[in-house]
Amino acid sequence: ALLKEMERHDADTPVFKRLKEQSILLSSAKIMTTDSFCLSIIKENIDKIEIDPAFSVADENEISLLKADTIEELLESEYEAEEADFLELTDAFANVKGDKSISGFVEKLYNFAISKPWPIEWLESLKEEKAGWQDYIYKEILRSLNAVLSDIDEIIDICHTEEGPANYLDTVLEDRSQILNAIRAGDLFNLSRKLQEISFGRLKAVRKGNELLKERAKALRDGYKSTIQSELLGQFFFDRERIEQEAEFEKPKIRAIVDLTLKYIKLFGEKKREKALVDFSDIEHIALELLLDKDKNPTEVAASYRNEFSEIYIDEYQDSNYLQEAIVEAIQKNNVFMVGDVKQSIYGFRQATPQLFTEKYKIFKNYEEMESDNDKEKKVILSKNFRSRDTVLSSANAIFKRIMKEDIGGIEYDDNAALYPG
């Protein structure tokens, strides 16, 4: 592309000279995956870490065998130790199929942990007294109630339509008032109580009017009544005293599974070191250790890379995780350009964190709407599509604007998220 653009300009023009300079510099650019970049950091600073210089990157089969050996050895030693927390965990989850469920818990927790910049610190935090799950469920219920409000607003619009069922309006407005009262609850337990207090009155009779509008309004109301009565009240009834008792009862199991995972990480690491092996997670964590000191401040190694790179480009940013973000943060100097599309995030099973993308998408200012170019955090909406016909795009936009919401696709499919012919 650079060469083609150069052909369009005379050799003595500033544009040609700049393009020629860029074409020469291109060969020295580090264009690589995150893993390859981290591996280069390790090799360039091998004298600064305690690792066998002849290390190799293990393949999936080697890692699978080592993991199986590790969990088997770990569980055997835990059964022999007979610690109280572990025995309580096995009483709860071991069954006729053995302790596969416990092994599965450890593997899942391990995978989550190693996607964090500081996995040990993160695991230890899980044993602390906190109620993050309450906040999560509270927010999920609020999302459902806000969807109910959208349905109610549609019914209100229908009631105001010519030949609409205006007699439904008083009852529907009362529904709306009760839902808003529940939304203002403030915490999970008050929300649960207020949901139980909701009562739905009967719709008044409508003798005349458009039958289709009446049926649409009834269907919407039946839908949100079912959401509240069957789904929310059926699944999310919370009594504070009972929950606190259950949380206390489960503490030993939580401690046991976290401690198991911590021991698994230690033993697995030892087995890899014995064979001079690293996996891809090790590569990223070792690179981060070279870039940040124990107080999480940038090292001289990080400073050298920060000076080396005038610009950092990241593709498929929606598939980054917190560990990779920490690596970039260590070497950046407000010179990072990220490209991504949260609608294409498909690596959640590998602990990708699309929230990194959506957080920036929300707070960065739109470049085209900025009054000055001084803001460091800006976004450019790439809305032009050069591969599909207008009929395909308009159909896709019409469907996704109705079904893709932030809680489903990670983003509200509005005019900014839509695609337009290029």
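Q: Contact means heavy atoms within 4.5 Å. With that in mind, which residues does Val 278 touch, not counting residues up to four places away in sequence?
A: This is a predicted model, to begin with. In it, Val 278 touches Ile 51, Phe 55, Ser 56, Val 57, Ala 58, Ile 283 and Ile 286, leaving out residues up to four places away in sequence.

Q: Where does Val 278 sit?
A: In strand β2, which covers residues 277–278.

Q: Buried or exposed?
A: Val 278 has a relative accessible area of 5%, and buried means under 20%, so Val 278 counts as buried.

Q: How many residues apart in sequence are Val 278 and Ile 51?
A: They are 227 residues apart in sequence, with 9.7 Å between their C-alpha atoms.

Q: Ok, on to helices. Which residues of α3 and α13 meet?
A: From α3 you have Thr 34, Asp 35, Cys 38, Leu 39, Ile 41 and Ile 42. On the α13 side they meet Phe 280, Ile 283, Glu 284, Ile 286, Ala 287, Leu 290 and Leu 291. By class, the residues of that contact are 10 nonpolar, one polar and two charged.

Q: And at what angle do the two axes cross?
A: Roughly 50°, and the axes of α3 (residues 34–44) and α13 (residues 280–291) come within 8 Å. That makes α3 oblique to α13. The crossing of α3 past α13 is left-handed.

Q: What about α9 and α11, where do their axes come to?
A: The axes of α9 (residues 169–183) and α11 (residues 211–235) come within 13 Å and cross at roughly 30°. Angles under 35 degrees count as roughly parallel, which is why α9 is called roughly parallel to α11. α9 passes α11 in a left-handed crossing.

Q: Which residues make that contact?
A: Thr 171, Val 172, Asp 175 and Ile 179 in α9 meet Arg 221, Tyr 224 and Ile 228 in α11. Sorted by class, the contact has four nonpolar, one polar and two charged residues.

Q: Where are Phe 200 and Tyr 224 in the chain?
A: Phe 200 is in the loop between α10 (188–197) and α11, and Tyr 224 is in helix α11, 24 residues apart. The pair links distant parts of the chain. Both Phe 200 and Tyr 224 are buried.

Q: Which residues form an aromatic cluster?
A: Phe 37, Tyr 305 and Phe 309 form one.

Q: Back to α11. What does Lys 218 touch?
A: Lys 218, found in helix α11, touches Tyr 168 and Leu 203, not counting residues up to four places away in sequence. Lys 218 has 35% relative accessibility and counts as partly exposed. Its C-alpha is 8.5 Å from that of Ile 155, 63 residues apart along the chain.

Q: Last one: buried or exposed, for Thr 70?
A: Thr 70 is buried, with a relative accessible area of 0%. The residue is found in helix α4 (residues 60–81).

Q: And which residues does Thr 70 touch?
A: Tyr 264, Leu 267, Phe 268 and Lys 271, again not counting residues up to four places away in sequence.

Methods:
Residues are numbered from 1 along each chain as its sequence is written. This is a predicted model: local features need pLDDT of at least 70, side-chain atom pairs count only at pLDDT 80 or more; totals for chains, interfaces and linings use all residues. Side-chain values use heavy atoms; hydrogens and water are left out. Axes are lines fitted to C-alpha atoms, for helices over the stretch in contact, and angles run from 0 to 180 degrees between N-to-C directions. Helices (H or I, at least four residues) and strands (E, at least two) are DSSP runs, numbered from the N terminus. Angles under 35 degrees count as roughly parallel, over 145 as roughly antiparallel, 65 to 115 as roughly perpendicular and the rest as oblique. A crossing is left-handed if the near helix is turned anticlockwise from the far one by less than a right angle, and right-handed if clockwise. Ala, Val, Leu, Ile, Met, Phe, Trp, Tyr, Cys and Pro count as nonpolar, Asp, Glu, Lys and Arg as charged, and the others, Gly among them, as polar. Buried means under 20% relative accessible area, exposed over 50%, partly exposed in between (1.4 Å probe, protein chains only). Rings of Phe, Tyr and Trp (its six-membered ring) pair if their centres lie within 6.5 Å; planes under 30 degrees apart count as stacked, over 60 as edge-to-face and the rest as tilted.
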